[in-house]
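Here is a short report on aromatic contacts. Look at the rings first, then read on.

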Amino acid sequence: MNKGSKLYKIIVSMLLMLSFSCKDRLVELNENPNAVAPNSANPNLMLAPVLSQAAKGYLRLGFGTVGGVMQHMQEDGWFAGYNHYQWAPENWGGWYGPLRTNELILRRAEELGWPFHAGIGLTMRAFLFGVITDLWGDAPYTEALKAGSADAITHPKYDSQEVIYLGIIEDLKAATNIFAQRNTNGIIAEYDLFYGGDAEKWHRFANSLLLRYYMRISEKLPEVARQGIESVYQTGIYIQDAADDATHDFLGTDRDNSWPTAGGFTSDDTDFRRRKPCSTLLDIMLANNDPRVPVWFQPVYCRWVADPSLTVPVDPYIRRNGVLTNIVSLTDVQYRQEIANGNTFTRHFNPNTFTTAVLDTREYVGIPPGLNAPDTYNYNPTPGQTVENQHVSQLAPIFRERTGGVLTMRLMSAAETAFILAEAALKGWSVGDAETHYNNGVLESLKAWEADNTYDAFIAQPGVAYDGTLARIMEQKWIASFAAATESWFDYRRTGLPNLTPGQAAQERYMPLRFIYGENELNNNTANLQEALGRLEPLSQDRGANSQWSKPWIVQGTGKPW
């Protein structure tokens, strides 16, 4: 596929011509008299922005805020929202925006007789509405996207999650029927940023999303879920190899088209340095010699060394290659240069006389979740925003890159489908052997991160080998969702696994469950929003319904996750 800058210039132009306002009132399109008329728009030109926006939004959720929720990572600067769940109302225009363009794709596909485009449109409509209801709960669905139509509705009602999930499933079933025809009439491959016009791969993607959403409703509608998952499994058409994951690469041309922590966009790379591994994830991985550790994280710049012979409780300065210096800490750039030249750095303490803190002396060190002052963790001598914590690991150097290699926006993976089938098999559903699916899930995750050369040794670890429990399946699925943690958040809601605990400074003693409805809806669709709020189950009267701890329909009455 050609993913060059020329294509993205076209994408930007089409977005300006075809998209609605990114605000949330779902108001009608401001027509540009110089733009391409919707009645003559080419669906190929609209595919790219829809696919790109969906992929970027999903990556920035899973690698961003939700990565903090699921304790994959923590931040040690401006950390209250990420680590402590101090969330503000969140508008959803970034998801309804591409849905509007997607509706035009569906309309034009029908007018032109291009079923393949219709299949993609149905799949992406399901995906985008799935994200919206997963994140917020009830939302405009059956009356959404009608602001510019003949039966214009500018204040759409909120449909229940049950209605939305069942609608998503119907869209995906319709899409799979279309893809099964293998009719790709009209497609220009370079505009299909996921699969280059390959109908079979789209078929696998749509069926894999069906597996996701059938499992999502399995606590509320178990028989619907069982029959649906068994039906998809019997087709054999779902993502089974990491090479077929639904992914999209960044171009690396500017900040919007680069990995979220890419270097070079701020003078001191603060976007990169602020993000650290969370000890909840890292400690489990280290205990099991997980080969993904060095792919995702880097060793601490300066490792603590216990030295009972030290005459002071702790060295005030670092040591280069074992020799004491008069330097408290180097900058990020200096450490990288020195280490690249073969130098090593340590700092000594006397375990018999140093009682100020318990120090982590390991090569890889994560930050515990929800600390009051994460920038001081592991006795960092230079806290604050300017200098990174030299005694805590950072993300691996690949996450400084703008694009390339294993850095990809992943919407659905072979690992996820395998773990879904492992869970279904454990429930006793007719989908094959749970252990086989579990092992495949582990393998496909390692393959996606180019770390599968040690699979045999890794799967034999006592903490990794299949043990017949849901906890083991969900733990490895949670780990595999790194950089795409959104799905593990929704798994946690319905299973309570992995067993995560908010940190000491978190806003509540419970993990958050949803996003807060945004100000645009509060101000402009008030009556319908208030009705939807009445269907949420608040944590407390003080918190109120529009809170990140209110239970939406999908978990009400299940006793999960708390």
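A charge counts as sitting over a ring if NZ of Lys or CZ of Arg is within 6 Å of the ring centre and within 35 degrees of the ring normal. In this predicted model, lysine 551 lies over the face of tryptophan 562, at 5.0 Å from the ring centre. Arginine 514 lies over the face of tyrosine 517. Its distance from that ring centre is 4.7 Å.

**Ring pairs**

The structure holds 45 aromatic pairs. Two of them are listed here.

| Pair | Centre to centre | Angle between planes |
|---|---|---|
| Tryptophan 87 and phenylalanine 515 | 5.5 Å | 85° |
| Tryptophan 92 and tyrosine 517 | 5.8 Å | 80° |

Planes over 60 degrees apart count as edge-to-face. At 85°, tryptophan 87 and phenylalanine 515 form an edge-to-face pair. The planes of tryptophan 92 and tyrosine 517 stand at 80°, so this pair is edge-to-face.

**What the pairs connect**

Tryptophan 87 lies in the loop between helix H4 (80-84) and helix H5 (93-112). Phenylalanine 515 lies in the loop between helix H18 (486-495) and helix H19 (519-524). The pair therefore ties together parts that are 428 residues apart in sequence. Tryptophan 92 lies in the loop between H4 and H5, and tyrosine 517 in the loop between H18 and H19. That pair ties together parts 425 residues apart in sequence.

**Burial and cluster**

Tryptophan 87 and phenylalanine 515 are buried. Tryptophan 92 has 2% relative accessibility, so it counts as buried. Tyrosine 517 is buried, with a relative accessible area of 1%.

One aromatic cluster includes Trp87, Trp92, Phe515 and Tyr517. Among its other members are Tyr85, Tyr96, Trp489 and Phe490.

Conventions: Residues are numbered from 1 along each chain as its sequence is written. This is a predicted model: local features need pLDDT of at least 70, side-chain atom pairs count only at pLDDT 80 or more; totals for chains, interfaces and linings use all residues. Side-chain values use heavy atoms; hydrogens and water are left out. Rings of Phe, Tyr and Trp (its six-membered ring) pair if their centres lie within 6.5 Å; planes under 30 degrees apart count as stacked, over 60 as edge-to-face and the rest as tilted. Helices (H or I, at least four residues) and strands (E, at least two) are DSSP runs, numbered from the N terminus. Buried means under 20% relative accessible area, exposed over 50%, partly exposed in between (1.4 Å probe, protein chains only).
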